[in-house]
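The sequence and structure are shown first.

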Amino acid sequence: MMVSSHPYSALTPDCALDALDSTGLRADGRLLALNSYENRVYQMGVEDAAPVVVKFYRPERWSDAAILEEHAYTIELAAREVPVVAPLQLNGATLHAHAGFRFAVYPKQGGRMPEFDRAGTLQRMGRFLGRIHAVGATAGFSQRPPLDIETFGYASRDFLRSGSWLPADLAVAWDSVVAHALQSVAYCYERAGDVRAIRLHGDCHAGNVLWTEAGPHFVDFDDCRMGPAVQDLWMLLSGERGEQQAQMNEILAGYEDFAEFDPRELHLVEALRTLRLLHYAAWLARRWDDPAFPAAFPWFNTQQYWQARILELREQIALMDEPPLVV
């Protein structure tokens with residue numbers, strides 16, 4: 001159901017520009033909306049200075065303390081000369097508020113999407129992820145939820161079934177395949193054993209990496225959580241099993257220059273992929289009252305969408321029964 005009082009409805013261009021002015025930086029009126037749905041992100045021109053990127057956090061998603069943990073992690077990484085884009089400290093703070101919106105200001109970072117099929121790219125990605133994880137393993141988050149079967153699996157299942165999202169004629173098939181998939185995920189975790197949870201990027205797909213001649217720059221740590229290291233590696237994989245095996249070998253060749261990788265975590269690759277599928281469906285449903293979502297994802301919640309997800313989960317169940325990749 002659409003509602004006219006969505007929290008972002010008050011974030012007009014004038015409001016966004018005034019927010020930047022409130023930090024002491026003077027907006028010159030140039031404003032470009034960037035591709036983001038969870039938050040609202042704008043590139044803004046600044047008088048007598050380089051443009052900046054301003055992220056307005058989705059109201060009521062994270063607490064201030066959780067946002068500040070994200071900021072502290074990226075600042076810690078930047079201090080270790082790891083190429084991440086950390087928020088600017090303005091007036092002694094990284095988190096600001098204006099007209100009821102919380103926001104952070106970032107330096108503009110240029111770059112392009114990484115080309116993972118080019119020789120050496122995955123190894124360089126692995127090297128920098130190893131550096132991120134070497135820092136991430138030195139401490140933990142206390143304010144941010146973990147990435148696990150509870151938060152991404154059971155919580156997603158329960159939210160989707162608590163509303164009227166599923167077509168009535170697909171509900172039984174959906175419930176059955178989700179139950180089977182989550183049971184398979186649990187078995188994967190059992191096979192992996194007691195793997196270590198560290199601070200992660202959490203959403204390390206190609207869209208959150210800006211590639212320059214100097215290598216990758218990692219952006220948008222909005223989903224950083226505690227979880228197994230392989231979460232930040234598996235999203236770089238694509239293709240058939242043989243291709244994924246070669247890609248993982250290349251990633252780990254760079255990764256292990258800086259961090260030790262526990263091969264037991266390879267039992268979790270398809271389990272984490274399955275959890276992401278469930279979490280993504282629930283994320284779309286949770287955000288459906290935001291007018292940006294029906295406009296951007298018109299295929300969501302159609303009969304065809306749920307049929308495709310059921311088939312996808314059946315394929316994941318089969319993949320979770322196969323032996324893991326090896327090192």
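The model is a predicted one.

**Helix packing**

Two packed helices are described by the angle between their axes and the distance between the axes. Helix α2 covers residues 64-79 and helix α3 covers residues 121-136; their axes lie 10 Å apart, at an angle of about 120 degrees. The arrangement of α2 relative to α3 is therefore oblique, because only angles of 65 to 115 degrees count as roughly perpendicular and only those over 145 as roughly antiparallel. The crossing of α2 and α3 is right-handed. On the α2 side the contact is made by Y73, E76 and L77, and on the α3 side by I132, V135 and G136. By class, the residues of this contact between α2 and α3 are four nonpolar, one polar and one charged.

The second pair consists of helix α5 (residues 171-192) and α8, whose axes come within 9 Å and cross at roughly 145 degrees. Here the crossing is left-handed. Helix α5 contributes W174, V178, A181, L182, V185, C188 and Y189 to the contact, while α8 contributes A271, L272, T274, L275 and L278. The residues of the contact of α5 with α8 comprise eleven nonpolar, one polar and no charged.

**Aromatic rings**

How many aromatic pairs does a search of the whole structure find? The search gives 21.

| Pair | Centre distance | Plane angle | Class |
|---|---|---|---|
| Y280 and W283 | 5.5 Å | 35 degrees | tilted |
| W283 and F293 | 5.1 Å | 75 degrees | edge-to-face |

The pair of Y280 and W283 is tilted because its planes are at 35 degrees, and planes count as stacked under 30 degrees and as edge-to-face over 60. Both residues sit in helix α8 (residues 269-286), three residues apart, so about one helical turn separates them. Is each of them buried, partly exposed or exposed? Y280 has a relative accessible area of 33% and is partly exposed. W283, at 18% relative accessibility, counts as buried, because the limit for buried is under 20%.

The rings of W283 and F293 form an edge-to-face pair, since their planes are at 75 degrees. This pair links distant parts of the chain: W283 belongs to helix α8 and F293 to helix α9 (residues 292-296), ten residues apart. Like W283, F293 is buried.

Y280, W283 and F293 are members of one aromatic cluster, which also includes Y37, W165, W174, W288, F297, W299, F300, Y305 and W306.

**Positive phi in loops**

Most residues other than glycine have a negative phi. With 66% relative accessibility, E81 counts as exposed, because the limit for exposed is over 50%.

A99 lies in the loop between β4 and β5 (101-107). A99 is not a glycine either, yet its phi is positive, at about 55 degrees. Its relative accessible area is 56%, so A99 is exposed.

Terms used. Residues numbered from 1 in each chain as written. Predicted model: local features only at pLDDT ≥ 70, side-chain atom pairs only at ≥ 80, totals over all residues. Heavy atoms only, no water. Axes fitted to C-alpha atoms, helices over the stretch in contact; angles between N-to-C directions. Helix = DSSP H or I, 4+ residues; strand = E, 2+ residues; numbered from the N terminus. Parallel < 35°, antiparallel > 145°, perpendicular 65-115°, else oblique. Left-handed = near helix turned anticlockwise from the far one by under 90°. Contact = heavy atoms within 4.5 Å. Nonpolar A, V, L, I, M, F, W, Y, C, P; charged D, E, K, R; others polar. Buried < 20%, exposed > 50% of the residue type's maximum accessible area, 1.4 Å probe, protein only. Phe/Tyr/Trp six-rings, centres within 6.5 Å; stacked < 30°, edge-to-face > 60°.
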